[in-house]
Amino acid sequence: MNHKLQELLPIIEKRLEQPDIDVFKIGKSNDSKRRFLEYEEPLHFLGIIAKGNADAINQAECDLIAHFQKNTKCANEYAGGGGNENATELYIVAKKHYEQPLKDREQLEQLLEPSSLFDFDTISI
């Protein structure tokens, strides 16, 4: 795993363990904000972890998914490496936990700008 990503792991883990996170997914894209809006499931948070060349991002995605795959909140089914092989951004999207079921109109939140998932700057790898 890239050493910069390795250094961020404790911060990422701590944030994803918070009770406001119901489920999260790790992915890669050339435009993470656009990709956030393409998910069918309503999502609320976006965290762009890293930017870099495609080879580094592909490897970082595989490493991060492998690290979190046993986490019950992780929605990734595979160890990564698929999708856009030319992606230059590594991201995590998450769904907010609600105590009560949402009404349909409340789920329109996904069309708004995503809330920032992390309070650190995106790293370069």
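Which element gives the most to the lining of the largest pocket? Strand 1 does, with 5 residues. This is a predicted model, where local features need pLDDT of at least 70 and side-chain atom pairs count only at pLDDT 80 or more, while totals for chains, interfaces and linings use all residues. Residues are numbered from 1 along each chain as its sequence is written, and side-chain values use heavy atoms, with hydrogens and water left out.

**View 1. The largest pocket has a volume of about 340 Å³.** On a 1 Å grid over the protein atoms alone, a pocket is an open set of points where a 1.4 Å probe fits, with protein on both sides within 12 Å along at least five of seven lines. Volume here is the space filled by probe spheres set on the points, which are joined across faces, edges and corners.

**View 2. Here is the lining of that pocket, made by 19 residues.** Lining residues have an atom within 4 Å of a point; Lys25, Gly27, Arg35, Glu61 and Gly83 lie nearest the centre. Strand 1 (21-29), helix 2 (32-38) and helix 3 (54-68) each give two or more residues. Helices (H or I, at least four residues) and strands (E, at least two) are DSSP runs, numbered from the N terminus.

**View 3. Helix 1 (residues 3-16) packs with helix 3 at an angle of about 45°, their axes 12 Å apart.** Axes are lines fitted to C-alpha atoms over the stretch in contact, and angles run from 0 to 180 degrees between N-to-C directions. Leu5, Leu9, Ile12, Glu13 and Leu16 in helix 1 meet Ala60, Leu64, His67 and Phe68 in helix 3, contact meaning heavy atoms within 4.5 Å.
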